[in-house]
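Welcome, and thank you for opening your viewer. Let's take a short walk through the structure together, one selection at a time.

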Amino acid sequence: MREFAGKSVCKGIAIGKIKYFTTKENTVVKRKVQDTDAEIERYEAAKQKAIEELENLYEKAVVKVGEDNAAIFNVHAMMLEDDDFNDSVANIITTQQTNAEYAVASTGDNFSEIFANMDDDYFKARSADVKDIAERVIRVLQGVTDSRELGDEPVILVAEDLSPSETVQMDKDKLLSFVTRLGSANSHTAILARTMAIPALVGVEFDGDYTGHMCIVDGYEGRMIIDPKEEVLEKYRVKKEADDTNKALLAELKGKENITASGKKINLYANIGNPGDLGAVLNNDAGGIGLFRSEFLYLESKDYPTEEEQFAAYKKVVEAMGGKKVIIRTLDIGADKQVDYFHLDKEENPALGYRAIRICLTRPEIFKTQLRALFRASAYGNLSIMYPMIISVDEVLKIKEISKAVREELKAEGFPIGEVEEGIMIETPAAAIMSDELAKHVDFFSIGTNDLTQYTLAIDRQNAKLEPFYDAHHPALLKLIEMVVENSHKAGIWTGICGELGADTELTETFVKMGIDELSVAPGAILPVRKAIRDIR
Ligand code: PEP
Ligand code: MG
């Protein structure tokens with residue numbers, strides 16, 4: 001039995017087998033070969049196997065995400081049949097008398113660079129695809145299976161680190177828990193774990209690949225126990241049962257109001273990343289959606305999601321919520337949420353860099369496509385739009401100009417548009433300090449405490465080493481929140497909190513006393529926060 005400590009980012013108990021996930025790029029060594037014909041045959045066989053893998057993935061994906069989204073696997077299979085790609089591999093094997101792995105890696109690098117340097121955005125985006133297909137063939141040649149595919153049984157996923165885009169691509173039904181060596185409590189991967197309501201730990205110094213070993217993840221105590229003794233396993237089976245019972249007790253709060261003993265009502269909404277989270281939202285009885293992080297649609301895609309694709313996703317969410325409020329945040333790409341096809345430059349300080357609204361305002365074609373999809377979907381339910389990373393009134397005025405132009409364009413084209421509230425996230429100290437002025441131009445505020453904390457305390461939310469300095473209840477932060485609520489009420493608009501602090505039940509009473517109007521939390525936190533509100537005397 002081995003035990004490792006870590007920081008819990010989502011409570012709960014998981015018991016199951018480990019799958020170790022590595023994103024290490026395939027290491028390719030150049031080897032001299034005598035029989036180049038045999039090497040080309042090796043390549044052909046690996047290529048065929050890779051194509052079969054892609055066909056299987058396509059079949060599975062069609063069922064899960066529909067034909068349009070699954071099409072990328074067909075595109076990859078077709079790219080593997082491309083004559084230029086295949087001729088290049090064969091040529092490198094023959095002329096350099098080298099192994100197939102090296103020839104595929106060199107071809108992948110060369111083609112990927114050629115695509116990346118093209119002017120056309122479509123071809124630029126193919127750069128990442130070429131890399132993907134080259135890596136798939138190399139994996140087959142090396143006899144390594146794709147560790148992103150989780151297998152049939154649900155597993156506890158142990159990884160060095162997980163990026164948000166890797167996490168969203170995983171099959172949520174197959175994940176019992178996450179454990180990572182890197183990462184911090186406020187990273188987007190941790191937020192995803194909370195959205196999925198699965199126990200998760202970060203900062204765990206495990207010492208190897210324990211794939212297939214039995215494991216317990218204790219998200220209450222921050223522990224991972226590998227190969228537990230029978231008595232420990234039994235103790236945790238009992239704990240897990242008690243956990244399930246507690247969840248059942250909380251379930252009794254479904255259908256009840258979010259009201260304090262003195263009669264103050266709070267709107268309690270859910271945070272989601274994509275339409276796949278709707279089941280959890282409805283199951284936990286959320287009153288609406290307070291934050292739909294639309295950038296996850298971009299992270300799950302291999303290319304810019306089209307207006308039609310986005311429209312379908314937003315329409316699905318507002319329709320499923322049947323008239324309840326759905327606040328969709330415009331894309332917040334950048335910092336830790338990187339997407340190859342955006343071709344963002346490497347930055348010294350990405351959290352302080354080119355991200356979110358800054359991208360939208362300088363690349364209006366991307367912004368307008370998203371706004372068109374949002375306003376079109378607004379005709380099908382109760383949709384609000386929220387803009388991230390605002391620092392000035394000037395930005396808000398520019399956004400309003402673009403938004404107005406988009407609405408007029410749609411009206412001229414005959415599209416119906418609903419009543420849409422437009423609000424901003426207060427997640428920079430500048431926005432909090434200017435909230436009296438900003439309140440005059442928008443319909444609501446939603447406080448993003450994850451970023452507001454990192455910028456106020458000057459603590460990188462991704463850096464696990466800084467956890468000891470990260471005081472989520474820092475008085476500076478609480479003062480800013482109070483000020484924002486006050487300023488919004490003076491201007492006659494409402495304020496919510498959609499950062500992770502909104503789910504901190506130690507602060508629920510403080511927020512309610514400050515006059516907060518709405519809290520938006522991970523679906524699994526709705527019922528515990530409802531309980532905390534109802535317990536306020
Ligand atoms: C926040 O910053 O609090 C927030 C809700 O946005 P995100 O976590 O996606 O940056
Ligand atoms: Mg934020």
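On this tour, buried means under 20% relative accessible area, exposed means over 50%, and partly exposed lies in between (1.4 Å probe, protein chains only). The model is predicted: local features need pLDDT of at least 70, side-chain atom pairs count only at pLDDT 80 or more, and totals for chains, interfaces and linings use all residues. Residues are numbered from 1 along each chain as its sequence is written, chains are lettered from A and ligands numbered from 1 in the order in which they are written, and side-chain values use heavy atoms, leaving out hydrogens and water.

**Stop one: the magnesium ion.** Please select ligand 2, a magnesium ion coordinated by Glu427 (OE) and Asp451 (OD) at 2.0 to 2.1 Å. Glu427 is in the loop between β13 (421-426) and α14 (429-433), while Asp451 belongs to helix α16 (residues 449-457), so the pair ties together parts that are 24 residues apart in sequence. Donors here are N, O and S atoms within 2.8 Å of the metal (3.2 Å for Na, K and Ca); water is not among the atoms, so sites may look incomplete. Helices (H or I, at least four residues) and strands (E, at least two) are DSSP runs, numbered from the N terminus. Both Glu427 and Asp451 are buried.

**Stop two: ligand 1.** Next, select ligand 1 and show what surrounds it: 16 residues, the closest being Arg293, Arg329, Gly448, Asn450 and Arg461. A residue counts as near if one of its heavy atoms lies within 4 Å. Which element gives the largest share of this shell? That is α16, with three residues.

Now zoom in on the oxygen atoms of ligand 1. One lies 2.8 Å from a polar side-chain atom of Arg329, and a backbone N or O atom of Asn450 is 2.7 Å from an oxygen atom of the ligand. The protein buries 100% of the 290 Å² that ligand 1 exposes when taken alone, with areas from the Shrake-Rupley method and a 1.4 Å probe.

**Stop three: two loops.** Select Gln97, in the loop between α2 (83-96) and α3 (100-116). Gln97 is not a glycine, yet its phi is positive, about 45 degrees. Is Gln97 buried, exposed or partly exposed? Its relative accessible area is 30%, so Gln97 is partly exposed.

Finish at Met389, in the loop between β12 (382-387) and α13 (393-412). Met389 is another non-glycine residue with a positive phi, about 60 degrees. Met389 counts as buried because its relative accessibility is 1%.

Key: Polar contact = N/O pair within 3.5 Å; in protein donor to acceptor, adjacent residues only side chain to side chain.
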